Amino acid sequence: MKSLIADQGVTFDNSFVSYSLCCPSRSTFLTGQYAHNHGVWGNAAPSGGYYKLDSTNTLPVWLQRAGYQTIHLGKYLNQYGTRNPREIPPGWGQWYGTPDPSTYRYLDYTINENGNLVQFGTAAGDYKTDVESRLAVDLIARQATDPRPFFMWVAFVAPHSGAPRDADDPTGLATPSPAPRDKDHFANEPLPMPPSFNEADVSDKPLAIRRRPLLNEREIAAIRENWQQRRETLLAVDEAVGSIVETLREAGELDNTLILFTSDNGFFHGEHRIANGKVLWYEPSIRLPLLLRWTGNKSLPRGVHRAAPPVGPRHPARDAHIRGCPLSELALRGARDRREGAVQPRAGPGRAEQPPDEPELRPDGGEPRRPPRTSAPVQGRGVPPRPSAVTWSPGSAPRHVPFVAGGRPSGRTFVAPGFEHGLLPRRAPPQA
Ligand SMILES: [Ca+2]
Ligand SMILES: [Ca+2]
């Protein structure tokens, strides 16, 4: 990640998710809309889940319509496949999605390979991140002979908790399962303990936080093990990123591919006395990685950090001028930002929106009982949306790590929503 993505592109240091929960957040990625507009308020029916989203009006549908080959690999929206595991959501030309519930298993899981259910076992070679990496590499290699531009979403389940159990799993805390070669790689790494960790004085916090007891030594040891295992599962993701980048290079597509690395929510590791989970409106839960690499775009700087918050879902009319300020411009604004010493929100109608109301807190850190509401105008359907935006926060590993690679951008006028002003080339690219 560092040498091939961060050092070759732009890292956004202040990127936040609009709804820190898998399914609503992924639905935002697919629609460019806040949860109160796309309607997915949770991970499960009736308030949320895959079947709650109108999948006929999503990013892959628009891209396919514009001539892209669209490829999905890995986890999709929660509850996908529970009615029909052979289903292929609209818009995807190549589908390698993992139906629920085995999508959360690192071994012994199913992949829907273009309508065929393929079962993977429990051997070391079945480790899901590695299998998905090999599939991604194979699909990119095949795509190199296809004249169409392609959009690929590789959605690893790591570092989300999931089976199988490991010998060193703590009791009472769900953990992921690192690749056998990576188990205990970080066993000697100390758990980060920022000032918010096991916060001593919570008198300024909402009731749901105030009534939490301090974490005890046993709980802190469990959090440490979980934090270590989550980092260990990301080692395989790191290798997968390397394999994907190398395959793009071998295919002659690397310079002409925009690579975007992000996630759908953050995660607590003891901050504010919260042992695990997300949803709540604190930085470990909402701060996310966002890295871009596109070496063929010579104006995109390399190896730099940007403090400017990337553009999230917005009202297209009210924020019309912001449509001229997508991630690409923010990426290019670094030198100016450094000169000015700070990044200020733009004045005028596109100024920063009011933050959403805090969802009802639950002491277990679970899903809120109602969706967050905001004072922002409603974004209607059919309006060109933009994807969710999101930054790497050392010490707060993301819950899922979707990894998006869009290769050989189209020379047509349509480009991925949110990237419409300059990230993808307008001219027809040279034939590979
Ligand atoms: Ca484990
Ligand atoms: Ca361990």
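**Figure 1. The largest nonpolar core of the predicted model.** The largest nonpolar core holds 72 residues, and L73, A136, M152, V154, V237, I244 and L291 are those that touch the most other members. A nonpolar core is defined here as a set of buried Ala, Val, Leu, Ile, Met, Phe, Trp, Tyr and Cys residues joined through C-beta atoms within 7 Å. Helix α7 (residues 217–250) supplies the largest share of this core, eight residues. In soluble globular proteins, nonpolar side chains tend to be buried together. A residue is called buried if 20 or more other C-beta atoms lie within 10 Å of its own, exposed if 12 or fewer do, and partly exposed in between, with C-beta atoms placed from the backbone. By this criterion, 48% of the 432 residues of the chain are buried.

The model is predicted, so local features need pLDDT of at least 70 and side-chain atom pairs count only at pLDDT 80 or more, whereas totals for chains, interfaces and linings use all residues. Residues are numbered from 1 along each chain as its sequence is written, while chains are lettered from A and ligands numbered from 1 in the order in which they are written.

**Figure 2. Helix α5 and residue L135.** Helix α5 covers residues 128–143 and includes L135. The expected span of a helix is 1.5 Å times one less than its number of residues; for the 16 residues of α5 this gives 22 Å, in agreement with the 22 Å between its end C-alpha atoms. The buried residues of α5 are K128, T129, V131, E132, S133, A136, I140 and Q143. L135 counts as partly exposed because it has 18 C-beta neighbours inside 10 Å. Apart from neighbours within four places in sequence, L135 is in contact with L73 and Y96, contact being defined as C-beta atoms, placed from the backbone, within 7 Å. Between L135 and V154 the C-alpha to C-alpha distance is 9.7 Å, with a separation of 19 residues in sequence.

**Figure 3. Helix α2 and its covering.** Helix α2 (residues 22–31) is mostly covered, with ten of its ten residues buried. Directly after α2 comes G32, with a positive phi near 75°.

**Figure 4. Two cis peptide bonds.** The bond from A45 to P46 is cis, with omega near 5°. P46 is located in the loop between α3 (35–38) and α4 (59–65). A cis bond also joins D100 to P101, where omega is near 0°. P101 belongs to the loop between β3 (94–97) and β4 (109–113).

Figure 5. Q79, a residue other than glycine, has a positive phi near 75°. Q79 sits in the loop between β2 (69–74) and β3 and counts as buried because it has 20 C-beta neighbours inside 10 Å. V279 is likewise not glycine, and its phi is positive, near 70°. The loop that holds V279 runs between β7 (257–262) and α8 (283–286). With 23 other C-beta atoms within 10 Å, V279 is buried.

Terms used. Helix = DSSP H or I, 4+ residues; strand = E, 2+ residues; numbered from the N terminus. Contact = placed C-beta atoms within 7 Å.
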